[in-house]
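Please look over the sequence and the model before reading on. The paragraphs below lead through two of the chains step by step.

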Amino acid sequence: MTAVARMAMLNLRTVAPYRYQGFLVFALGVLLFAGKPTVLVPALVFFFTSQFASYPFNVADKAGLDTLYAVLPLPRRSMLYGHYAWAIALFVATASVSTVLAVLLARAQTVPFSGRTVMTVLALSWALFAVNVAIQLPLLIRFGYTRVSVLGTALPLAVVLGTVYKLHLTVPSTQVWLPVLWIAGAVALMASAAIATTADRRRMRSSGPAPKIH
Amino acid sequence: MTGLQLSSAPEIRKDPPVSTDLAFALRGVGSAVSDNFALRDVSFELPTGYVMGLIGANGAGKTTTIRCLLGIRPIDTGEIELLGHLVPGPVALRQEIGVVLDHAFLVSDWRLTEVERTLRPFYDRWDGARYRQLLDEFGLDLRAKVKDLSRGMSVKLMIAVALSHRARLLVFDEPTSGLDPVTRDELAGIIGDFLLDEGHSVLFSTHITSDLDRIGDYLTLMHNGRVVQTGTKDEVLDAYRVVRGGPDDLRECVGVQLIGIRRTSTAAQALVRTSEADLLGGNVLVEIPTLEDIAIHVGARDPQRNPDRDAGAGRRQPDSPMPTGRNA
Amino acid sequence: MRVVLSNSAGVPLYQQIKEQVQTAIQSGDLAEGAALPSVRALARDLRISVITTTRAYAELAAEGFIATIPGKGAYVQRLDSALVREQLLRQVEDGLQTALDVARRAGLQRDDLIQILDGLIQAEQEDISDDRVAAQQRA
């Protein structure tokens, strides 16, 4: 296992004690969008990954895991990329499960859900996910969850919803742009990772998290 | 006798190669923390196989120094050598170092079995059997969650983790604050066991001097971001004398610095450097200090010695003992 | 090996260890060739610093009571080796010097001192013969 994968696993284990809440959120999301299978995938992926890509930061802040990251034989860069790897793993898991569910729901509701549609919703989901995480992660890495928290999730959400609204994006209209969505997402993530590395260096320089509470 | 040889685990010293027989050395280290606090000209070293006590009041700079030593905090001047490597050394160096604070820096909802499963992939030499054996020795239940542990048990857990990945340098940052004397004594025993191997070393920072009274080999005294004294425990104790006299006996004498003078209506007490002790008059009682005497007087809040203490508001404090979660 | 340290003795810890090991060797509790615990094991057992035990052993070795073999450990030496005798002679000399210093203050002369020494030796002989008589009476 590479160091990046180890960090992704560490993130998984960090949130693992709270997995039942995760499943609940997922189930609620499914229920919410059950009636619109085409919207289900991007919406679910977006909201779910938005919450859970950042969840390790939430736990880390409370548990003082910053020290753990500094003490473990784990290169700093691998640690940072590991956050991205974790987010991508989340995407893959969420996208696969929700696509399968969407197809089944569509079949049950006799709504058309072609292979083309699947490709489109996946590309859309990727783009939404990537932009969201690309904004969130450098902020979380630089400032930690407590200082970012609501803003960290609300900002990308606002950006994305605003963009969707402005561009009048709907599933049919985005069919032409699929490869662009994949590439744009990948580029956003890579740029984000580069920014995160710089942001992290500034964080190292500062005195660190809040002092001890007795 | 050959039986004893086997238990000293020579394979630890084979990798990575150690160029000196110092566990660590700080030379002229400086690191700015805020406008009002910085580490300045911090120099001390520890030969392999011994325990060094890092003593100082809260805010003296102990945690900041430890963070610099571990490479967590960048330094502005000077150099640091850690287990034969210049800091920041290779990441693999962390395989050999165990860090113990007064709390476990782990997810509170992890069970102790999960702790092992999570940390194991990062270490080349994780000894699972040892981990379980240590938990048993320390009276820790494998099925317990990290949040269920008392402070003392958390400290022992982190020691168990460090020993399980075969660390040869243990760094303790104020592990005993808030611990009862029984646990503090157990800690001294654990350190004694750890030092049976002469390739093992310990850095122990504390403001509780009784922790190190007996087991400390070397001491470094810090105050206001500087090293006040360093050397073997005997050397440090011998560098000072406690002087006691009546309220008027200890007036400023030429050439004698009265450290942390405490004056009441009936008596006065201060610390002086041994070399200056003879310059005092015959009216005073001069004695060899205890470690506590030294810590108290050196760390005393003396407005004459700390002019910037009273200057301005909103200063950033020196690092508090390592970052902690709210469930500490 | 039995070492009991006192915190309030006013005597440095390494000195206490030295004296107790010395006594044990001289009284035969520690036989010649007996292995002593390593400096680290002793430090661990007594909850003191390794430097302290190392110093105690170093001085015991310098005075010929024990021998340290690198990689093997510390062993009790033969009691009547030249170094030990030298050490005992030094102790006698120190004791006599102390007596001399006090005697000077009291204004005693050489003959007075010899008289006191003879008196002490005689008293010791009497004690020994008293013990012998008492033992015979019991028998």
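In what order do the elements of chain C run from the N terminus on? They run α-β-α-α-β-β-α-α, which amounts to five helices and three strands in chain C, where helices (H or I, at least four residues) and strands (E, at least two) are DSSP runs, numbered from the N terminus. This is a predicted model, in which local features need pLDDT of at least 70 and side-chain atom pairs count only at pLDDT 80 or more, while totals for chains, interfaces and linings use all residues. Residues are numbered from 1 along each chain as its sequence is written, and chains are lettered from A and ligands numbered from 1 in the order in which they are written.

The overall form of chain C can be described through its dimensions. Its C-alpha atoms fill a box of roughly 55 × 50 × 35 Å, taken along the principal axes. The radius of gyration of chain C is 20 Å, whereas a compact globule of 139 residues would have one near 14 Å; this radius is taken over C-alpha atoms, and the globule rule is 2.2 Å times the number of residues to the power 0.38. Of the 139 residues of chain C, 22% count as buried, a term that requires 20 or more other C-beta atoms, placed from the backbone, within 10 Å of the residue's own.

Chain B is divided into domain 1 (20–234) and domain 2 (239–309), with bounds that come from an automatic or database domain assignment. The C-alpha centres of these two domains of chain B lie 32 Å apart. Where they touch, 13 residues of domain 1 are in contact with nine residues of domain 2, contact being counted if the C-beta atoms, placed from the backbone, lie within 7 Å. On the side of domain 1 that touches domain 2, the elements giving two or more residues are β9 (218–223) and β10 of chain B.

Those two strands also belong to a sheet of chain B, an open one in which six strands follow the order β6-β7-β8-β3-β9-β10 with mixed pairing; two strands pair if DSSP finds at least two bridges between them. Its edge strands, each pairing on one side only, are β6 (97–100) and β10 (226–232) of chain B. Within this sheet, strand β7 (residues 169–173) of chain B runs parallel to strand β8 (residues 201–206) of chain B, and five bridges join them. Leu170(B) stands opposite Val202(B) in β8(B).

Terms used
Buried ≥ 20, exposed ≤ 12 C-beta atoms within 10 Å, placed from the backbone. Contact = placed C-beta atoms within 7 Å.
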